[in-house]
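What follows is a short walk through one protein chain. Look over the sequence and the fold before reading on.

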Amino acid sequence: MPGVYLTTTEFLDDAKSAAKDRGMPGLRMVALPANTYYRARASKEELLPIATKAFPAIVDDLVRPLTADEAHPRQAQKQSEAANIKVTGKDYPDAYRKVNDLFLDNHWSDGLPIVPPTAKLVNTMLAATSRSAQEVLGQAAPKQGTATVEKIAINAVMAGAKPEYFPVILAAMDGFLDKHYDLTHVQASTGSFTPIVVISGPLGKELGFNSGIGMLGHGFRANSTVGRALRLALLNIGQTWPAVNDMALTGRLESYTFFTFAEDNEKSPWEPYAVSLGYKPEQSTVTVATVGNPIVLGGGAVAPWTGQGVIDQVVARISTGAGFNWFHSQTIDLVLIPDCAVDLASAGYSRKSLQQYLYEKSRIPFEKLSPATVQLTQEAIADGRIRPENAQIFKDNLKPGGRVPIVQTADDFHIFVAGGSPGYDLLFTYPGPNWANQTKLIGDISPTKAGQ
Amino acid sequence: MNPRGEIPPPPTIGIRPTLPNLDGKKIVLVDNGKFGADNFLNVLAAMLKQNYPNATIVMYPKPAAQTITDMPKWYPTVRQQGDLFIFGVGD
């Protein structure tokens, strides 16, 4: 049916790009002025002059006869990407500068200098996995670029990753490209959502990931370059760029390296997170999850704390009923410092019982839910986003006197143990529209143990 | 080596022919659920009604949790209810 799409001036290019990506380059659009629309939109009176000015264009788009190109657009051709890029310079520094200029000018880099991805370095990276260079892991949103093992290796080289990190990078990309992971949201949203990348199991320590003081900071090659390899791979394979189709208004937190760290499985009183999911103790996994701003809990080096007090703070933060309009599919990632986990374990908590405790204690009284939240939850039950096996408890509690869970199951609380001593505990929430956490086995045998 | 992923082109589709005028037509205003979109579309609805008194204006609040990838779930309802649509306000 004929129609017109309304957007704002700041998002017109993004909207055109998205329409083209979906095979509708002729979709008609009217852009409202961003500098006045966003401030005026709470008031019909203030919107009236904006609507009055836009009205003729909207009507015109609905009735103006189609051009030949609009009616029968040419079929888009496959984007031809050269496999190799040749750069020459009078000496190595000159060529190095030219490579970096070329990559940044083409939006193939993140703004920091890269390691030029020569065929030799890429082949060395590929030698660290048993997976075929041409294996397709999936299509990366928003432009559905094809993610092959080779393309990921090229980006890993650019990031400065060691070859022994490559199986971790591939497994993380398996997570990002899983059909259940909402990559579009974390690649394009106006919010500052960003991924956490958590390694669980023996490979974390073996590869030198920092899981102690400063684990989210700089200085550790494994954390920094695995995260940067993933950032570059998503940028180049999904083809995003700030203010073009990545519309994070203030950018993304930890945009260059994401929040990449490993569990401290030696100091944790509990089994590794990977084992809690059914993996063997000798296996390692990587979890990718979209998160919002981290909430810092505990006392660090400046205030007293108890494990139960930290958990009470978690419950208080997540059970307010505010900001959780999507909570039918919400996931919670909680990173406890080892000392806190030990304190909770000595009080009798296992990871499983702590998940169950959080699930029960965070349920929200029906009376605290907004009508919009109630409606969204009912829609989620009806269309299956609240999975049928989990729906009954929501149905039973969406009424006066009910207490509605904020996640679908207790397993949607993902609890990791990492951080310093002293340290702070970190709470990550994500009110996103899809199941956000994906955990994948790091498939290749530990390259360092294999002597590579 | 080139770090970019190759993009398989999607099938390109043309847009539907427009209608010569709005008189007597059913116009569906699709509210995408963004803050203030309902206000803007309500203002627009009043203007359409004033300028095209014989047109029927239908307000359709798209389920807010359903994104563009869920379009097959909600678009049939829009199509069933009208002759034309106005979708907004996207950001």
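In helix α8(A), the buried residues are F166(A), P167(A), V168(A), I169(A), L170(A), A171(A), A172(A), M173(A), G175(A) and F176(A); buried means under 20% relative accessible area with a 1.4 Å probe, counting protein chains only. This helix spans residues 166-176 of chain A, and ten of its eleven residues are buried. Helices here are DSSP runs of H or I with at least four residues, strands are runs of E with at least two, and both are numbered from the N terminus.

The model is a predicted one, in which local features need pLDDT of at least 70 and side-chain atom pairs count only at pLDDT 80 or more, while totals for chains, interfaces and linings use all residues. Residues are numbered from 1 along each chain as its sequence is written, chains are lettered from A and ligands numbered from 1 in the order written, and side-chain values use heavy atoms, without hydrogens and water.

Beyond four places in sequence, I169(A) is in contact (heavy atoms within 4.5 Å) with I152(A), A156(A), A161(A), V226(A), A229(A) and L230(A).

Chain A as a whole has 17 helices and 14 strands. Of its 452 residues, 54% count as buried.

Methods. Buried means under 20% relative accessible area, exposed over 50%, partly exposed in between (1.4 Å probe, protein chains only).
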